[in-house]
Amino acid sequence: MKKVKITINDKPYEVDDGQTIMQAADKLGFHIPRLCYHPKLSIEGACRVCIVQVEGMRNYVASCAYPVSDGMKIQTNTEEIRQARRDIVELILDNHPEDCHTCERDGICELQRLAHLTGMRHRHFEGEKKHYDKDLSSPSVVRDPNKCVLCGRCVRLCSEVQNVHALGHAHRGFRTAVMPAYNMPFSESVCTACGQCINVCPTAAFVEKNFTQELYPKMSDKSLIKIAQVAPSVRAAIGEAFGLEPGRTMELQTVAALRRLGFDYVFDTQFSADLTIMEEASEFLERLQGKGKLPMITSCSSAWMKCVEQFHPDLLENISTCKSPMSMMGAIIRTYFAEKIKKRPEEIVSVAVMCCTAKKYEAARPELMVNGLPAVDMVITTREIAWMIKSAGIDFVNIKGEHFDEPLGLSSGAGTIFGTTGGVMEAALRTAYELYTGETLMDIEIQDIRGLKGIKVGKIVMDGKEIRVAVAHGLGNASKLLDEVRRDPEKYHFIEIMGCPGGCIGGGGQPYAGSNSIPLDEECLKKRAEALYGLDRNKTIRRSHQNPDVQRIYKEFLGRPLSATAHRILHTHYQAKKPCGIIPRELQVR
Amino acid sequence: MSRKYSITICDGPTCLHKKSKELGAAIEQCLKEHGLTDKVRINLSGCLGMCAKGPIMIINPGYTIYGGVTAGDVAEIIEKHIIKNKPVSRLAIEEDHLYNRFFRVFGDVNFFGKQLRIVLRNCGIIDPESIDDYLSVRGYEALARVLTEMKPSDVIDEVKKAGLRGRGGAGFPTGTKWFLTARETSDEKFVICNADEGDPGAFMDRSTIEGDPHSVIEGMCVGGYAVGAKKGFIYIRAEYPLAIKRLEKAIADAKNEGFLGDKIMGSDFSFDIEIRLGAGAFVCGEETALIHSIEGHRGMPRPRPPYPSVQGVFNKPTLINNVETWANIPVVILDGAEWFKSIGTEKSKGTKVFALAGKIKNTGLIEVPMGITLRSIIYDIGGGIPNNKKFKALQTGGPSGGCLSEEYLDTKIDYDSLAQAGSIMGSGGMIVLDEDTCMVNIAKFFLEFTENESCGKCAPCREGTKRMLEILTRITEGKGEDDDIKKLERLGKLIQKASLCGLGQSAPNPVLSTLKNFRSEYEEHIKEKKCRAKVCSALLGYEISEKCIGCTACKKVCPTGAISGIQKSRHVIDQSKCIRCGACFEACKFNAIKRT
Amino acid sequence: MLTPLEIVKKKRAEAINRIVGKGYLSTKRVYVGMATCEIAAGSKDVMEVFQTAIKNGLTDVYLSQKGCAGRCNLEPTVEVVEEGCIPVKYGRVSRDMAHQIIERHLKKGEIIEEWVIR
């Protein structure tokens with residue numbers, strides 16, 4: 001790599017050629033303040049916060065976009081550039097509501113951080129502020145254009161990474177805003193509710209729909225049985241909301257905290273993940289014998305399901321009919337468990353603590369109702385439960401851990417790794433192999449499909465039959481993988497798709513990035529994944545079909561996988577949907 | 001009795017140096033002796049571009065050009081040519097420059113005398129909807145010459161040598177841009193003509209396209225050949241329906257005759273042009289925003305590098321130039337770079353089209369060689385300020401430009417001198433302002449436009465222009481505060497230096513240049529709450545003078561009852577009740593109400 | 001095989017022939033300005049007057065349109081050019097003035113001095 005000589009703030013350095021000023025400065029330990037820049041997204045150059053002075057250029061230069069060259073002299077901290085940066089941040093703040101104290105992101109807002117860094121003490125340019133209505137239509141994501149700083153991260157992420165294109169800039173000048181096409185309500189747009197916009201937004205322009213205020217009255221209602229289920233990814237990330245480093249598992253503390261909040265029973269979604277594997281592996285083996293379409297595609301990601309219904313209706317028959325673990329758990333609670341504790345299903349409040357915003361959309365789906373009641377009454381994200389714990393004064397970090405309740409609390413290692421990309425596939429293969437061949441799978445950790453590469457492929461040989469699998473995370477990668485499938489339907493037998501980059505551990509409900517980190521940070525995702533893999537390694541039971549509670553539920557209630565009862569309670573069907581503005585694939589000009 | 005002949009003497013610097021002044025006197029004398037003063041008109045024109053053969057004299061009709069004329073030759077010319085209708089062959093020279101055609105045809109040399117029409121060479125002379133007309137004036141000969149005798153690199157060398165600079169406003173050397181695009185290797189390259197022309201009141205590009213669309217098409221073909229492109233786009237604003245119609249016809253006619261399409265005129269070069277319409281956004285005149293618009297995205301600029309010559313439309317190397325630049329190309333090819341660079345100043349070659357407007361007697365579209373003074377444009381070509389008003393300022397460059405006060409009138413027009421004076425050349429808008437113009441209001445007017453048209457991507461432009469506009473509006477409403485000027489300057493400099501694209505970088509120019517050249521007006525508005533041009537209505541005082549006959553018309557219309565007085569005697573306005581609405585001023589039929 | 005230069009020269013000669021064939025050299029050439037600004041000032045009406053006159057039998061006139069003449073405050077403009085004479089440019093031409101130009105200048109050769117742009 002060719003090197004070039006530059007000076008930053010009058011000190012000479014030698015850096016690699018072919019990078020931007022910001023990249024070179026980051027490597028040298030100069031963190032130039034920035035707002036719209038994100039390493040995973042295309043360069044926007046919109047905020048102008050990262051400006052620096054380059055000798056010989058009359059105007060300031062955006063360091064995120066301008067490449068280094070030999071002999072370049074850069075100033076990042078002169079009085080002039082400091083004042084310019086301060087003025088630019090003030091201009092953004094002057095068109096931003098002044099309600100930090102009542103804002104969701106008070107204390108974890110990038111704009112607050114920038115205001116603090118630039119040392120703003122007086123306002124010079126205050127004037128009119130924009131005024132837009134909040135969009136409360138979606139069950140998952142709330143959009144508040146008044147707090148938007150027009151960094152464009154959400155637009156770029158939704159188009160470049162997720163390939164959904166639900167958001168775009170509209171209008172001009174002072175009236176510019178980010179919105180779905182024609183400012184239609186979010187719920188009517190193609191938004192898949194994946195919530196990545198919430199993750200990547202520097203302010204509270206996107207937040208999840210908060211259900212905590214609805215939950216509190218139910219928690220204090222003594223006539224109801226409050227049941228919580230906890231997703232795998234929650235335990236891997238909830239510690240970050242309490243200042244702990246990413247990757248520290250807080251499973252037992254979460255259970256204890258939920259009990260202290262007033263839940264009567266705390267179950268583990270990893271249990272129903274095992275149940276999902278039983279159903280899904282059996283379904284896969286059936287299809288392998290010709291009784292269904294291949295490749296089979298997993299369906300536990302709710303954002304992915306909305307995406308399929310909107311954009312890929314031609315592949316609906318490939319989708320597994322299994323419900324997601326959350327909905328399976330909800331269904332089991334309303335039927336099997338209600339019977340067990342001799343309560344009527346209406347007396348149960350079924351709450352799911354999830355890392356995911358799309359699950360809020362899923363919980364409201366009419367097809368997933370069980371006997372006239374929603375399977376899950378409400379979904380609370382990791383952020384919401386962390387706040388509830390803090391608000392109740394529970395010392396989360398130090399409390400004594402507790403275990404999940406029986407009979408829906410025991411899980412295998414396969415159920416644990418559901419939270420990370422490749423985990424569902426690995427869990428399914430562990431069981432499918434043994435159901436098919438009758439032998440134990442020795443190489444239980446399938447490394448080929450682990451990791452953060454966008455599309456991963458692997459294969460496994462079952463009794464001489466080669467099974468080719470593929471895993472994609474992020475809806476953009478899913479799109480690419482599906483195009484491959486359309487070109488060659490025989491290429492893969494089994495496909496796992498997770499709507500969020502990194503899998504569920506990167507979901508739209510996970511804690512915000514800390515002040516020393518950035519959203520969608522790969523290191524953070526890797527550590528969360530490693531937390532789950534670590535839990536898997538430490539478990540004695542690592543295969544779903546060996547979970548004794550799962551075996552019991554089949555014996556007592558479901559019969560066997562894919563039985564009529566199982567079909568009624570644990571399976572569903574999906575249909576093509578046409579939200580506004582979608583051009584059907586058949587009519588698209590390519 | 002109209003004149004039978006007109007004699008035009010070149011008054012350009014080189015001919016003056018060669019004593020052309022004496023010619024005028026000699027001709028007048030000679031005509032008087034022959035009693036022909038009524039029958040022959042003498043005109044003085046600006047540089048005719050034939051400096052090497054000067055002093056130049058043209059006799060019309062017949063367009064006979066005499067070169068190297070001295071005072072001693074005058075008698076012979078008058079006797080032989082004017083009286084006996086026999087041109088003097090020893091002095092006559094043959095020049096078939098494209099640009100001099102208008103001298104054959106145009107009658108009113110007073111307006112056109114100091115102009116040198118290169119881009120507008122055919123405007124007003126040919127029928128723009130007839131390709132026959134264009135062919136008859138050596139149309140498509142430049143393209144043919146290029147395809148027959150020149151390699152692409154030869155074409156680029158010629159354009160480089162000519163010193164042509166981009167006429168869209170930035171003034172980037174055209175030859176260099178062509179060179180940078182040509183040297184990229186790619187399977188596809190594109191050529192774009194920027195006909196968006198968003199400056200309010202600017203119509204140079206419109207006139208060029210409505211008057212001579214083929215010149216643009218020919219220029220683009222030459223450009224495509226030079227850089228290796230096979231496809232061109234003309235991005236024209238939808239608010240120009242007639243220009244679009246004429247362009248569509250011109251493209252169809254050119255295709256019919258084989259000047260566009262596959263294997264042009266039998267050569268290996270194929271080129272096609274597609275028209276794309278704008279949709280009302282000023283920012284889409286910025287090159288990267290224009291490119292995004294053609295691609296189907298929102299018209300927002302992006303940071304450069306990479307420049308369009310490396311990564312342009314559809315991510316391919318793209319050559320994008322303004323209409324005027326393209327229209328210059330056939331002349332550069334046919335009349336040669338040597339001749340082209342003899343016109344203009346050292347760093348700005350050729351001519352520039354300006355739209356002269358405002359408080360001036362002769363408004364219109366003019367094309368003058370670079371280096372002409374502003375004074376010459378306003379007083380010689382423009383005819384001066386009407387109604388005996390005093391000149392106050394010249395606004396150049398549209399909403400991106402600045403206001404130049406009287407002390408700059410002797411500035412010679414070129415890219416660098418205008419920039420040094422605090423304005424810009426821009427695309428060619430030139431608005432003359434007289435003493436009845438309020439400079440604060442003018443700055444507000446232009447800022448309203450740029451604030452409205454800001455694309456909204458970057459914070460300094462989107463938010464900053466709005467805040468500057470709020471301050472200016474307050475000042476014109478009489479609510480100016482002491483540190484407003486400081487705030488305007490601080491914001492203005494920030495927006496200039498921190499914005500992403502040219503729109504933001506030049507939006508504060510009207511404000512900053514008026515602050516520099518007319519600061520006292522701002523101070524009057526803020527401190528004394530006075531508008532000396534009597535434009536800002538909130539700052540006007542109204543008084544009733546002795547002309548008042550007591551008709552009570554004003555008293556009847558006053559909304560606050562501030563006027564008192566009995567019939568037939570002079571009325572009085574109570575200043576404390578007056579809200580400065582101006583209704584009384586409008587109502588008075590005796591001019592008795594004064595604005596102060 | 002002709003070179004492009006030869007082709008264009010041939011096309012030019014053919015074009016000039018066609019133009020001359022319509023009477024370009026032998027008649028009075030009348031140009032009416034038809035740019036957007038001229039049309040906004042009313043030049044379409046003026047053009048109509050000339051077109052109607054020709055339809056009704058006015059001979060010896062080559063009527064054509066031209067683009068922007070650059071004289072914004074004097075529009076609509078009409079130019080009458082005869083081979084061998086200095087062109088005459090009329091400004092601020094109205095329908096009535098157009099009729100007069102036909103009667104006095106085109107038919108009788110009288111140049112209407114008050115309306116000429118100098």
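Modeller: Start in chain B, where B:Ile192 has B:Phe233 of strand 7 as its bridge partner. This is a predicted model.

Colleague: What makes strand 6 and strand 7 of chain B a pair?
Modeller: Pairing needs at least two bridges. Strand 6 and strand 7 (residues 231–236) of chain B are joined by six, and they run parallel. So the two strands pair.

Colleague: Which strand holds the bridge partner of B:Cys193?
Modeller: Strand 9 of chain B, through B:Asn321. Strand 6 and strand 9 (residues 318–322) pair over five bridges, in the parallel sense.

Colleague: Why is strand 6 of chain B called largely enclosed?
Modeller: Buried means under 20% relative accessible area. Six of the six residues of strand 6 (residues 190–195) of chain B are buried, so the rest of the structure largely encloses this strand. B:Phe190, B:Ile192 and B:Asn194 point one way, B:Val191, B:Cys193 and B:Ala195 the other.

Colleague: Now the interface. What makes A:Asp87 and B:Arg490 a salt bridge?
Modeller: The cut-off is 4 Å, from a side-chain nitrogen of Lys or Arg to a carboxyl oxygen of Asp or Glu. Here N to O is 2.8 Å. So the pair qualifies. The count between chain B and chain A is four salt bridges.

Colleague: How much area do chain B and chain A bury between them?
Modeller: About 2,900 Å², with 54% of it on carbon and sulfur atoms. B:Arg467, B:Arg490 and B:Lys497 supply 23% of what chain B buries against chain A, more than any other three residues.

Definitions and conventions:
Residues numbered from 1 in each chain as written. Chains lettered and ligands numbered in written order. Predicted model: local features only at pLDDT ≥ 70, side-chain atom pairs only at ≥ 80, totals over all residues. Heavy atoms only, no water. Buried area = accessible area lost by both parts, 1.4 Å probe. Buried < 20%, exposed > 50% of the residue type's maximum accessible area, 1.4 Å probe, protein only. Helix = DSSP H or I, 4+ residues; strand = E, 2+ residues; numbered from the N terminus.
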